[in-house]
Amino acid sequence: MITKSSVQINKEWDIVGARQMGRELAKDLGFGTVDQARIATAISELARNIYLYAKKGKIAYETVEKMNQKGLKIIASDQGPGINDLSKVMEDGFSTSGGLGAGLPGVKRLMDYFDVVSEPGKGTTITTIKWVR
Amino acid sequence: MNLNIERIDNGETQELKLAGEIDAYTAPQLKEALLPLTKNEGTTVVVDFEGVNYMDSTGLGVFISALKSTKENNSDLRLVALQERVRRLFDITGLDSIIDIESTVRGGK
Amino acid sequence: MEPYKFDVNNYRNLLKKYIASQDEKSLYQAEQFSKLSMQHNISPEEIINVHIQALKELYPDLPTEIDSSMNFLLETMISYGLAYQEFQSLREKQGELESEISIAANMQQTLLSTTKPDIEGMDIGAISVPSHQMNGDYYYFVTDESNNLGIAIADVIGKGIPAALAMSMIKYSLDSFPDTMRSPSVILEHLNRVVGQNVANTSMFITMFYALFNYKTGYLQYSSAGHEPGFYYCAAKDQFFEIKTKGLVLGVSCQVTYEQLDITMEQGDMVVLLTDGVTECRIGERFIETEEVLEVIRQYMHLPAQEAVESVYRHFERLQDFQLRDDFTLIFLKK
């Protein structure tokens, strides 16, 4: 069975809602405590980026399956300014140097699959998946 | 190793009063303060060296950039009140022949 | 002591022992456990998770307050775990960069290598030591068929890698001058154009002293492009004289002419060429005076030239507590 749901990000408190929904889905799928915490942190980071740089956007969730594995797919999308220099943003030390948080490299580390598509002026879509171990 | 830069705005004449040392660490700070001033046509930029007891060759680089900028932007650069040790650097490098340096030389400490 | 695997059972047994006896041995083993975990890139939140599991196995009736508080701690540690991983990856990158720079520094040495000529009746010593990995100072020797020795000593302003890149340009320009054009002022005028064309719009510039020495006659001609003045030691008078000519640094203005002067060296005379790494030496809070530099040179100049420059360098190195602030280059030319 595939379930889909999403949370709109318009204000800072929506980040909490996005985490909450991600954690509940993760728990239902059978993720352990550590992975639940990792997924919540990744969602936090993605939602914060939306809130800070694009003002509004959406975190969408899907349960996915491959072979005998179940996973949680999280898609963060916005119509914000987009990212000009992706390779710079994906570099370690770029966003963390100012104490801004884990940044996109952090999200990539927390999750098993990571992909980002961004067009300056049009917006950004980040797709990540975590598989149940 | 610090450099204090005080800017005095007299319209056509912009003065920078320097105090401290100009070296590889402080030169970028000086460059940031000095170069924009040279970009305004007709401005005379006066740099007061009275409080500068040391400058290394990195500092000279900043004044060479500033000089090039005055030529491009029709502004003027003048250095005043240099201590002997600093003055010697402009003298050896021949830069005193292309930069306007006030002739009064004050002794070092 | 038995090695510890990263394993809940191990951790639980260790924890149990410690809670029962609160002994130092268990704490030491905990330290080993944490080091082993780091080697295996285990993040802090995973350690806490192991702790939670062990705690629940040891105390099945753990109060829910403690349980929740442990989960809270786990959440809090996630970002630390990320920071730790990032730190690891940056450290790897730094290692890569450092090895790249050291390869570049070796390459620079090979590219810029110059052979100190062996000339009968002359004793030449030369030393150049960078303050960082890459040297912004440079010296160059060239000989021709008419008993001439050309010597260049240069300092690129701006240190490190950019300076080293600019130096290669100087070396290849010097190589391309034909023997018939080796008059110091002409060489500097040409180099000035080369540098000016290639480093325009930067604050980089180069100072250079060029000397052309006829080792049969002892006649030495020299010009300077804003370089630190050298010294001429006259044995007959037992005195040092500054050798200084007027000339602008290379690369600042396109049309520059360079003054050229000359001296004739007699038996026992010596010419000293140097960079400002020598004269701008700091002793504690003050700078070295020219007289002191000459005193140090005088102290060692009776030695064979190469030994002498090395001794002077070691002397200055000690004066500055073995921390060079600038690249240091010194040449002795003894007749």
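In chain A of this predicted model, 62% of the contacts between residues at least 6 apart in sequence join residues at least 24 apart. The chain contains 4 helices and 5 strands, arranged along the sequence in the pattern β-α-α-β-β-α-α-β-β. Chain A has 133 residues, of which 34% count as buried.

For the model as a whole, the scores are ipTM 0.81 and pTM 0.68. Chain C has an average pLDDT of 87, and 96% of its residues score at least 70. Within chain C, confidence is lowest in strand E10 (residues 282-283), where the mean is 74. The highest value in that chain, 95, belongs to strand E5 (residues 219-225).

Chains B and C touch each other: 18 residues of chain C are in contact with 15 residues of chain B. On the chain C side, the residues involved comprise 7 nonpolar, 6 polar and 5 charged.

Within chain B, helix H1 (residues 27-38) packs against helix H2 (residues 57-73). The axes of the two helices are 9 Å apart and form an angle of about 10°. Because angles under 35 degrees count as roughly parallel, H1(B) and H2(B) are described as roughly parallel to each other. The contact is formed on the H1(B) side by Ala27(B), Leu30(B), Lys31(B), Leu34(B), Leu35(B) and Thr38(B). Their partners in H2(B) include Thr58(B), Gly59(B), Gly61(B), Val62(B) and Ser65(B), and also Ala66(B), Ser69(B), Thr70(B) and Asn73(B). By residue class, this contact divides into 6 nonpolar, 8 polar and 1 charged. In an α-helix there are 3.6 residues a turn, so residues three or four places apart point the same way.

In chain B, Ala81(B) is not a glycine, yet its phi is near 60°. Ala81(B) sits in the loop between strand E4 (76-80) and helix H3 (84-92) of chain B. This residue has 20 other C-beta atoms within 10 Å and is therefore buried, as 20 or more are required for that class. In chain C, Asn41(C) likewise has a positive phi, of about 55°, without being a glycine. The loop that holds Asn41(C) lies between helix H2 (24-39) and helix H3 (44-58) of chain C. Asn41(C) is exposed, because 10 other C-beta atoms lie within 10 Å and the limit for exposure is 12 or fewer.

Helix H1 (residues 8-21) of chain C has 14 residues. From first C-alpha to last, H1(C) reaches 20 Å, close to the 20 Å expected at 1.5 Å a residue.

Elsewhere in chain C, Ser173(C) is part of helix H5 (residues 160-175). Ser173(C) counts as partly exposed because it has 16 C-beta neighbours inside 10 Å. Leaving aside residues up to four places away in sequence, Ser173(C) touches Leu191(C) and Val194(C). Ser173(C) and Leu191(C) are 18 residues apart along the chain, and their C-alpha atoms are separated by 7.1 Å.

How values were computed
Residues are numbered from 1 along each chain as its sequence is written. Chains are lettered from A and ligands numbered from 1 in the order in which they are written. This is a predicted model: local features need pLDDT of at least 70, side-chain atom pairs count only at pLDDT 80 or more; totals for chains, interfaces and linings use all residues. The expected span of a helix is 1.5 Å times one less than its number of residues. Two residues are in contact if their C-beta atoms, placed from the backbone, lie within 7 Å. Ala, Val, Leu, Ile, Met, Phe, Trp, Tyr, Cys and Pro count as nonpolar, Asp, Glu, Lys and Arg as charged, and the others, Gly among them, as polar. pLDDT is the predictor's confidence in each residue, from 0 to 100. Axes are lines fitted to C-alpha atoms, for helices over the stretch in contact, and angles run from 0 to 180 degrees between N-to-C directions. Angles under 35 degrees count as roughly parallel, over 145 as roughly antiparallel, 65 to 115 as roughly perpendicular and the rest as oblique.
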